[in-house]
Every structure is written in C-alpha cells, then in structure tokens.
Amino acid sequence: MSDDRSLDPEAAAAIRRVRRLMMVAGATTFIALAFVLGVIGYRLFNLGESGAPPPAMAAAALPHGARVLSTAVGDNRIVLTVEVDGTVELHTFDLDTLRPLGRVRLAPPP
C-alpha cells in the first residue's frame, strides 16, 4: 500500500486521517504508560520515607491510684486526662515517639 496513486482521492484522505488518528492514540498511550511507570519508580525509590515508624512500646508512669478520665489525639500529640487524689492532671505525649512532653495540674482557685 505504499503506492497511493492507485487509490481514489477520498480513500487516500481517509487513510491519512486513520494514520494520523493512530499516531495520536499511540503517542497518548506512550505518554500515559511512561507516567504510570514513572510514578511506580518514584514510589519504589522513596519507599523508606513514605511510612511512619511503628510506635515504640512505652509505659506512662502515673501516680498510684490515678484514674484515666479521657484521652485525646490531635496536632501530633496524645493528651491523657488523669484524676489523682481529687485533682485533674493533663499528661501530654508526642504521638510519634510517645515521649512525655508535659504535665499540667488543674486545681481549683485558692
């Protein structure tokens, strides 16, 4: 089919349109496949940075007789509300390392 002179002009134009359409479809498929392979390669090479490390085993040292009233998680922190001998305390821990960050005692005004 390399000799287009044997075809009538309408058939030759239709063949040119089909060839152009196939080239556009092939280029689009190639670009989409390259994009997908690029994303897969990026995810494989950055695998170590994507996940957070598993939390370590930790135990909070609470006073004897303490009772946990509630817990809250937010802003990369864990807050425990604890009642100790009738006073309420807030114990704050880092969510990633479970390291104690602070303690606040809530006491009634004198």
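This is a predicted model: local features need pLDDT of at least 70, side-chain atom pairs count only at pLDDT 80 or more; totals for chains, interfaces and linings use all residues.
Let me start with Leu37, which is exposed because its relative accessible area is 53%, where exposed means over 50%, buried means under 20% and partly exposed lies in between, with a 1.4 Å probe and protein chains only. Leu37 sits in helix H1, residues 9-45, and here helices are DSSP runs of H or I with at least four residues, strands are DSSP runs of E with at least two, and both are numbered from the N terminus. Leu37 belongs to a nonpolar surface patch of about 700 Å², together with Leu33, Phe35, Val36, Val39, Ile40 and Leu44. A patch is built from residues with over 30% relative accessible area and no salt bridge, where nonpolar side chains (Val, Leu, Ile, Met, Phe, Trp, Tyr) are joined within 5 Å and like charges within 9 Å.

Residues are numbered from 1 along each chain as its sequence is written, and side-chain values use heavy atoms, with hydrogens and water left out.

Now the overall picture. The chain has 2 helices and 4 strands, and from the N terminus on these elements follow the order α-α-β-β-β-β. Of the 110 residues in the chain, 9% are buried. The chain exposes about 9200 Å², with 65% of that supplied by carbon and sulfur atoms; accessible areas come from the Shrake-Rupley method with a 1.4 Å probe, and for residues only the protein chains shown count as cover. If we take contacts between residues at least 6 apart in sequence, 9% of them join residues at least 24 apart, contact meaning heavy atoms within 4.5 Å.

Which residues make up the largest nonpolar core? The core has 5 residues, namely Ile78, Leu80, Val82, Val84 and Phe93, and strand E2, residues 77-84, gives the most to this core, with 4 residues. By a nonpolar core I mean a set of buried Ala, Val, Leu, Ile, Met, Phe, Trp, Tyr and Cys residues joined through side-chain atoms within 4.5 Å. Leaving aside neighbours within four places in sequence, Val84 is in contact with Pro63, Ala66 and Glu89. Thr81 also lies in strand E2 and counts as buried, because its relative accessibility is 17%. Not counting residues up to four places away in sequence, Thr81 touches Arg67, Val68, Leu69, Ser70, Val88, Glu89 and Leu90.

Either side of that strand, the backbone deserves a look. Most residues other than glycine have a negative phi. Asn76, however, has a positive phi of about 65° without being a glycine; Asn76 is found in the loop between strand E1, residues 67-74, and E2, and is partly exposed at 33% relative accessibility. Asp85, in the loop between E2 and E3, likewise has a positive phi, near 50°, and Asp85 is exposed, since its relative accessibility is 73%.

Next come the last two strands. E3, residues 87-94, and E4, residues 100-106, pair in the antiparallel sense over 6 bridges, and two strands pair if DSSP finds at least two bridges between them. His91 has Arg103 in E4 as its bridge partner. The hairpin of E3 and E4 has 5 residues between the strands, and in this hairpin Leu98 takes a positive phi near 60°.

Finally, the charged pairs. How many salt bridges does the structure hold? There are 4 salt bridges, each being a side-chain nitrogen of Lys or Arg within 4 Å of a carboxyl oxygen of Asp or Glu. In one of them Asp94 pairs with Arg77, with the closest N and O atoms 3.9 Å apart; Asp94 lies in strand E3 and Arg77 in strand E2, so this pair ties together parts that are 17 residues apart in sequence. Asp94 is buried, with a relative accessible area of 10%, whereas Arg77 is partly exposed at 34%.

Another salt bridge joins Arg105 to Glu89, with the closest N and O atoms 2.6 Å apart, and salt bridges that share partners join Glu89, Arg103 and Arg105 into one network. Glu89 is buried, with a relative accessible area of 1%, while Arg103 is exposed at 53% and Arg105 is exposed at 51%.
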